[in-house]
Amino acid sequence: MDYVALFLVLVGSIGLVLSLRPAYVICAYSQFSNKGWLTLLLLIGLFIVSYLSYLSLLFSSTSEIDFIQLVVAGIFFAGGGFVYLVTNLSKQTIMDIDVLLQQKHHQANHDLLTTLANRQHFYRHMDQMLALKSEGFYCLMLDINNFKMINDTFGHPEGDRILTVIAQRILQVVPENSLTARIGGDEFAIIIPDTATLNISDVAKDIETALLIDIPCAGHLIVIAASIGISQYPEDGQDSKTLIKYADIAMYHAKKNEMPHQYYQSHLPTTTLPESVLDVEKS
């Protein structure tokens, strides 16, 4: 009976010690941490001291352990096991919730097809840059020419695959500090911070060159061409709506004049954009 009691208390103590790490991990999650979990962590430490004290008492006892002491040892064993299960199950549940929240946040801010930023993320990012009154940045609006023909000829699944290829090619050539977004079916938008070494025309040409590389599609090789419009903050506008509008106007003129890309310039004629052009009002 003596060895049974010692074994029960020892195993319960081990369970408490093993509970320290998951309890600490829970406390480290800032979005889930609260005083309750911190209190539990401190209580586990106190329980460990109590368990070790009782274990020492059993070791030093010269008399045979009675039934009551054995019951207490059993309670200690069950308590340690309970705390171990609760902390580990709670940690796993919190980690699962955290992963789910991250996935929801990513889905709310990214296009599911291309994994690029979505329209809402693009607008928020631009508003943040405007609020910080950054030294300057470029807004590029990019539209794939005749993309509807690809969908009609090869089907929407192939069209979707080509959009993912386009997205990856854009990401490969734009500067690392840029934000690339898909804001419509075949429309993309890019924010590129202005730097002393940046030549925005070279960036636009790099995008055009990358898209002109043949893409295998249903046994054929197709070439993608795009029209790009560019506006610049603060020269062309002080708010996101104006910058996007002017980049859209430049893009429309590039498409109309069969040019790869065009800057917005104040001397461009006043243009009534067709309904197919991006609605610049934030949704």
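**Reading salt bridges and a helix pair**

Me: By about how much of the helix are K148 and D152 in helix α5 separated?

Reply: K148 and D152 are four residues apart in helix α5 (residues 147-154), so about one helical turn separates them. Helices (H or I, at least four residues) and strands (E, at least two) are DSSP runs, numbered from the N terminus. The model is predicted: local features need pLDDT of at least 70, side-chain atom pairs count only at pLDDT 80 or more, and totals for chains, interfaces and linings use all residues. Residues are numbered from 1 along each chain as its sequence is written, and side-chain values use heavy atoms, leaving out hydrogens and water.

Me: Which residue forms a salt bridge with K148?

Reply: Side chains of opposite charge can pair when their charged atoms come close. A salt bridge is a side-chain nitrogen of Lys or Arg within 4 Å of a carboxyl oxygen of Asp or Glu. K148 pairs with D152, with the closest N and O atoms 2.8 Å apart. Both residues are exposed (over 50% relative accessible area; buried is under 20%, partly exposed in between; 1.4 Å probe, protein chains only).

Me: How many salt bridges does a search of the whole structure find?

Reply: The search finds four. One of them joins D111 and R182 at 3.2 Å, N to O. D111 is in the loop between α3 (67-109) and α4, and R182 is in strand β2 (residues 179-182), 71 residues apart. D111 is buried at 15% relative accessibility, and R182 is buried with a relative accessible area of 15%.

Me: Which residue forms a salt bridge with D143?

Reply: K255 does, with the closest N and O atoms 2.7 Å apart. D143 lies in strand β1 (residues 137-144) and K255 in helix α8, so the pair ties together parts 112 residues apart in sequence.
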